[in-house]
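Dear colleague,

Please find the structure below, followed by a short account of what was found in it.

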Amino acid sequence: MVNKLSVEKLRNVCDASVMHCESTQDLRPLTEIIGQDRAVRALKFGLGIKDHGFNVYVAGYPGTGRKTAVKNFVEAQAKVQPVPSDWLYVNNFSNQYEPKAIELPQGKGKEFRDDMKNFIENIKNALPKAFESEDYITKREATLRGIENKRKQLIDQLTTKAQSEGFVIQTTPVGLLLIPVLDGKPLSEEEMLALPQDIKIKLSEKREKLEKEFSYTMRQLIDMERQIHNTLKKLNKEVALYAIGNQVQSILEKYQTVSEVTAYLETVENDILDNLQQFTRRNNEPQQQMPLPMPWMREDPYKKYEVNVVIDNSETKGAPVIMETNPTYHNLLGRTEKEAQFGSLTTDFSMIRGGSIHKANGGYLIVPVEELLRSPFSYDGLKRNLKDGHMIIEEPEERYGFLSVKTIKPQPIPLTAKIILIGDPNIYQMMFSLDPDFRELFKIKAEFDTTMPRTDERVKAYATFVCTLCDREHLKHLDGSGLAKIIEYSSRIVEDQQKLSTQFSLIADVIRESNFYASEDKSEVITAEHIKRAVEEKIFRSKLVQEKIQEMISRGFFLIDTTEQKVGQVNGLSVMSLGDFSFGIPSRVTASIGLGREGVVDIEREAKMGGPIHTKGVLILSGYINDKYARDKPLSLSARLVFEQSYSGVEGDSASSTELYSILSSLSGIPIKQNIAVTGSVNQKGEVQAIGGVNEKIEGFYEVCKAKGLTGEHAVMIPESNVQNLMLKEEVVDAVKEGKFNIYSVKTVDEGIEVLTGKKAGQPQPDGTYEKDTINYRVDKALGEMADKLKEYLVAGEDKNRR
């Protein structure tokens with residue numbers, strides 16, 4: 001049934017009284033995610049389950065508040081969870097290229113680092129004092145005295161024996177040498193060479209005999225030297241242990257419950273005892289100088305005792321929540337820093353730096369997936385850590401074999417963080433389809449919707465969102481009328497009278513702009529007029545192209561009739577999108593018919609300017625005509641359809657009903673009112689189907705009619721199923737209210753052709769014919785006559801050929 005729409009159906013007006021507040025200042029700020037029940041349920045499950053692979057992908061379009069909402073939601077969950085452990089790296093004294101990782105309770109990492117620093121500073125002072133003490137000197141002299149006496153006795157015995165044989169013993173760096181004596185004077189090398197040969201032979205024989213006799217005694221002297229060294233070493237260790245024992249024991253008692261720390265302290269103690277010389281040397285003692293003694297080239301001998309805290313949770317409350325907005329490989333997964341020395345790069349355990357995954361360990365890491373995929377190697381590195389269950393710090397060039405150099409390989413730390421990726425739903429589908437690892441590692445999908453029901457409860461929640469925004473950004477609050485306009489604007493965004501938009505960024509932008517206009521007016525609150533002005537100004541800044549097109553229509557460059565009646569010509573409606581702004585424009589659709597068997601021919605398609613959906617819509621028209629009019633005769637029609645003055649291609653099926661009306665008009669010979677524009681797709685059964693952009697299309701034709709002068713006869717015909725999408729701007733609603741403009745809704749093609757022509761469509765009779773002088777009667781009759789003419793033409797052609 002043809003339905004002329006009332007004003008109430010053109011816009012779902014929000015009554016300011018339903019807000020139950022004078023302004024948003026009276027409301028409590030928002031504390032939860034609104035309009036995303038499905039996503040919240042998925043998030044709660046994803047954050048709660050601890051099994052492997054149950055990480056979360058938050059799918060949502062930009063502007064839905066997904067990042068802020070997820071971060072706030074996760075932080076609220078994390079507050080009541082335990083604080084995770086600290087992790088640190090220390091030197092591996094058995095293999096410095098594989099630093100060891102140690103786990104400590106929250107806050108103990110920094111404590112242990114400071115304890116070790118103080119410990120080293122203390123023993124740097126304590127050890128020199130211990131080895132300079134009178135007690136140590138006395139013990140050292142007493143220990144060495146007996147051995148030195150034995151050594152002296154052995155040397156005296158050797159000296160006496162050597163002298164009796166005419167030799168003296170001379171001590172050299174390489175040992176004891178036997179020097180011949182002649183006339184009570186030791187001979188030099190030159191004097192030896194000058195002796196007669198027989199004397200030299202005798203002296204050599206004596207020396208060899210003595211050396212054999214002295215070999216055992218010499219071994220005893222060497223053993224004594226070794227005994228002296230070992231005795232001093234043992235004494236030094238005893239003294240050092242006495243000097244540092246209490247300090248070592250103090251740290252051991254403090255961290256006795258951590259086996260890794262006690263084992264590390266034992267290795268530190270052993271290393272100190274093995275390198276006492278570096279501790280006993282005073283700062284003012286001369287050291288070997290480098291050719292270029294630059295400060296950064298001096299190696300710190302105590303650096304190996306430092307503690308590198310890579311995960312510090314001393315200030316953390318609850319589980320950590322980290323959002324990494326720049327997830328490069330190093331920012332995300334950590335790195336080993338390097339410093340230049342003598343033209344080469346060096347590193348050690350103290351230069352290990354954790355990434356955001358380390359900071360989030362034991363908590364939650366939120367990463368925008370677009371940025372993650374944009375950063376080379378980051379996604380692959382993250383997957384590897386998740387699959388292994390450990391955080392591995394290594395350079396990407398080494399991992400992928402681009403460069404092979406000797407470097408440190410820190411011990412991996414167990415990964416206990418929950419990873420939350422935030423991204424576009426299309427990216428989720430792509431990753432799910434193309435990456436098998438993604439399916440195993442991100443098993444939870446939390447999808448953010450772009451709309452939510454427009455119920456009283458959700459309207460109140462919307463108001464609390466506005467309150468939160470105003471408080472957070474120090475904006476003026478909205479009064480009841482301003483809130484009502486925001487609700488209406490939200491429904492307009494989603495083109496649905498029963499829905500609200502969850503693209504809160506768009507709402508926030510309008511409120512910010514309204515705040516500016518309210519400040520200009522020196523108003524204490526943002527009112528409906530400020531919201532209306534913000535929306536209108538936003539449109540005005542972007543509607544230059546629309547105004548240019550409307551000007552060209554008004555001046556006759558684009559031919560659009562709005563007053564006459566024409567056969568085979570209908571005003572169709574389409575939407576042009578410029579990215580930030582979409583608007584409707586009318587297009588003249590015409591049909592020409594003739595004898596033939598081609599059926600309905602789409603000129604746009606033939607010219608390769610029509611898209612596949614538009615082509616499908618045109619082919620449906622052939623199905624409709626065949627089903628309705630060609631059951632008792634062959635379809636002998638050649639109809640050409642075209643969008644006049646269309647130069648940029650046509651896509652979509654929203655004009656298929658328009659094209660059908662033009663064909664029916666051409667076949668019946670009944671003219672169509674040009675003061676009515678049409679939109680709607682059609683199926684093979686003649687039902688008019690919903691389309692998109694209905695508000696923009698109506699407003700676009702309204703602007704053209706307004707420019708040419710509204711007569712009260714101008715109208716737009718839309719599908720019945722699109723009435724619920726109407727959120728027309730107030731100017732159009734007022735024009736309808738004043739009788740200057742009209743909107744019709746139809747369910748079928750028959751209803752539509754009656755509106756456009758003012759003639760009855762006609763229902764089928766029992767014999768298959770239609771009521772006389774109706775549209776369908778004329779169309780059926782015309783197609784029958786065309787079939788007869790084509791048959792006569794073909795018969796005549798065959799007779800001519802036989803002759």
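Asp773 is placed in the loop between helix 26 (749–757) and helix 27; helices (H or I, at least four residues) and strands (E, at least two) are DSSP runs, numbered from the N terminus. This is a predicted model, in which local features need pLDDT of at least 70 and side-chain atom pairs count only at pLDDT 80 or more, while totals for chains, interfaces and linings use all residues. Residues are numbered from 1 along each chain as its sequence is written, and side-chain values use heavy atoms, with hydrogens and water left out.

Asp773 counts as exposed because its relative accessibility is 53%; buried means under 20% relative accessible area, exposed over 50%, and partly exposed in between (1.4 Å probe, protein chains only). Although Asp773 is a residue other than glycine, its phi is positive, near 65 degrees.

Helix 27 (residues 775–802) contains Arg778, which is partly exposed because its relative accessibility is 34%.

Glu495 is not a glycine, yet it has a positive phi of about 55 degrees. With 15% relative accessibility, Glu495 counts as buried.

Gln497 also has its place between helix 17 (480–494) and strand 20 (499–501). Is Gln497 buried or exposed? Gln497 is buried, because its relative accessible area is 11%. Its side chain reaches the backbone oxygen of Leu726 at 2.8 Å.

Finally, Leu434 lies in helix 14 (residues 425–434) and is exposed, at a relative accessible area of 67%.

Yours sincerely

Notes. Polar contact = N/O pair within 3.5 Å; in protein donor to acceptor, adjacent residues only side chain to side chain.
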